[in-house]
Amino acid sequence: MRLKVRLLEARNLTAADSDGTSDPYAVVFVGSSEDAAQTSSTVSSNLNPVWDEQTFSFADVAQDESVTVRVMDYDYIGSDDPLGAVRVPVLEAVRQHLSSGSEGRWFRLEGEEAGSGEVRLGFDVESVPAALRERLASEPVPAAAAAAAPAAGAAAAPAAAPRRKQSVLATAV
């Protein structure tokens, strides 16, 4: 299959810079190898960045792989700080594509530094085998997928307190 990951926006990111903001960018890859990772543009001084639908394409994606999106804070001096990451199974991306196109869905970032951060991703999938389409259409949506985004009108989690930069590089995911 050919998979396109649409990086739309993020919200409630952790403030990693001393001025109470971050300079977020995302690293996107499929599988466990970051050799073919692709990187978004950096949005300066922003905890709710919009990436204007940057799209990352991956060919020959297997059904049993996952897409990882790692959100980082760019630092002019020193190493970049992780802001959280999300891993989406390819089958979930296909299911999202088949049910709602590439309009996007919110995913909670994970990791010690993620706070209440979320990223909105859309997926386009080409060459989905007919048998897989039929299987996904007949399966119920997993509870984890149904609960990935808060319901409309739900109270948002309190924003994470700004944190100070550290010279230690932590690896998310």
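Is Glu9 buried or exposed, or does it count as partly exposed? At 21% relative accessibility, Glu9 counts as partly exposed (buried is under 20%, exposed over 50%, partly exposed in between; 1.4 Å probe, protein chains only).

## Basis

This is a predicted model: local features need pLDDT of at least 70, side-chain atom pairs count only at pLDDT 80 or more, and totals for chains, interfaces and linings use all residues. Numbering starts from 1 along each chain as its sequence is written, and side-chain values use heavy atoms, without hydrogens or water.

## Salt bridges

The structure holds 5 salt bridges (a side-chain nitrogen of Lys or Arg within 4 Å of a carboxyl oxygen of Asp or Glu). In one of them, Arg120 pairs with Glu9, with the closest N and O atoms 2.8 Å apart. Arg120 lies in strand 8 and Glu9 in strand 1, so the pair ties together parts 111 residues apart in sequence. Strands are DSSP runs of E, at least two residues, and helices are runs of H or I, at least four, both numbered from the N terminus.

Arg70 forms a salt bridge with Glu34 at 3.0 Å between the closest N and O atoms. Arg70 is buried, at 10% relative accessible area. Glu34 is partly exposed, at 41%.

An open sheet of 4 strands has the order 3-2-5-6, with antiparallel pairing (two strands pair if DSSP finds at least two bridges between them). Strand 3 (38-39) and strand 6 are the edge strands. Strands 5 and 6 are joined by 8 bridges. Val67 stands opposite Val88 in strand 6.
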